[in-house]
Amino acid sequence: MQIVEMCCTTCPSGCALHVQTDGENVIGVEGNGCKRGCVFAAQELKDPQRMLTSTVLIELGGKQYLLPIKTRKSDSMRFTVPIMDAVRAVKISHPVHMGDVVIGNAGGSGADVVACRNMGE
């Protein structure tokens, strides 16, 4: 049996979790203030999920700007590098609105990357 310490990020409380594991199986969780902590601990050990945020280059009216972007939902951390490779390759030259898909299925991950603000109008 092994004890893994982690910080739960499902809510602003940020509970310090002490997770008892037997290999990949969670035996028990201590320190969680709600049931979501147990679910978070199991997911974090099995396949950590993160929402990715970054910027892409957008050229409008002869000037270059950085457009803030994010993945639409949390995705497996194993897709971080392919998604970021797709983000680095994108340059936009048209107006965008918040929520517009900037890159669909980024890096073959199934994740859509969306604009986080309006730019160009």
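Asp85 and Arg88 form a salt bridge in this predicted model, with the closest N and O atoms 2.9 Å apart; a salt bridge is defined as a side-chain nitrogen of Lys or Arg within 4 Å of a carboxyl oxygen of Asp or Glu. The two residues are separated by about one helical turn, because they lie three residues apart in helix 2 (residues 80–89). Helices (H or I, at least four residues) and strands (E, at least two) are taken as DSSP runs and numbered from the N terminus. Asp85 is partly exposed, with a relative accessible area of 41%, whereas Arg88 is exposed, at 58%. In these terms, buried means under 20% relative accessible area, exposed means over 50%, and partly exposed lies in between (1.4 Å probe, protein chains only).

The model is a predicted one, in which local features need pLDDT of at least 70 and side-chain atom pairs count only at pLDDT 80 or more, while totals for chains, interfaces and linings use all residues. Residues are numbered from 1 along each chain as its sequence is written, and side-chain values use heavy atoms, with hydrogens and water left out.

The count of salt bridges comes to four. Side chains of opposite charge can pair when their charged atoms come close. One of the salt bridges joins Asp75 and Lys73, whose closest N and O atoms are 2.8 Å apart. Asp75 is buried, with a relative accessible area of 7%, whereas Lys73 is partly exposed, at 47% relative accessibility.

Another salt bridge is formed by the side chains of Asp112 and Arg72 (4.0 Å, N to O). This pair links distant parts of the chain, 40 residues apart: Asp112 is in the loop between strand 9 and strand 10, and Arg72 is in the loop between strand 6 and strand 7. Asp112 is partly exposed, with a relative accessible area of 25%, and Arg72 is partly exposed at 45%. Apart from residues up to four places away in sequence, Arg72 touches Met51, Gly99, Val101, Asp112 and Val114, where contact means heavy atoms within 4.5 Å. The C-alpha atoms of Arg72 and Val101 are separated by 8.8 Å, and these residues are 29 residues apart along the chain.

The loop between strand 9 (101–103) and strand 10 also holds Ser109. Ser109 is buried, with a relative accessible area of 12%. Its side chain reaches the backbone nitrogen of Ala111 at 3.1 Å. A polar contact is a pair of N or O atoms within 3.5 Å; within protein, one must be able to donate a hydrogen and the other to accept it, and residues adjacent in sequence count only if both atoms are side-chain atoms. Ser109 also touches Phe79 and Ile83, with residues up to four places away in sequence not counted.

Strand pairing was assigned where DSSP finds at least two bridges between two strands. Three strands form an open sheet in the order 1-2-3, with antiparallel pairing. Its edge strands are strand 1 (2–7) and strand 3 (25–30), each of which pairs on one side only. From one strand to the next, the twist averages 30°, with axes being lines fitted to C-alpha atoms, for helices over the stretch in contact, and angles running from 0 to 180 degrees between N-to-C directions. Five bridges join strand 2 (residues 16–22) and strand 3 in the antiparallel sense. Gln20 has Gly28 in strand 3 as its bridge partner.

Strand 5 (residues 53–60) and strand 6 (residues 63–71) run antiparallel and are joined by eight bridges. Val56 has Leu67 in strand 6 as its bridge partner. The two strands form a hairpin with two residues between them, and Gly61 in the turn has a positive phi of about 60°. Strand 6 also pairs with strand 10 (residues 113–115), in the antiparallel sense and over three bridges. Here Ile69 stands opposite Ala115 in strand 10.

The count of disulfides comes to zero, a disulfide being a pair of cysteine sulfur atoms within 2.5 Å. For Cys8, the closest cysteine sulfur is in Cys11, 6.0 Å away and too far for a bond. Cys8 is buried, at 6% relative accessibility. For Cys38, the closest cysteine sulfur is in Cys34, at 8.5 Å, which is too far for a bond. Cys38 is partly exposed, with a relative accessible area of 34%.
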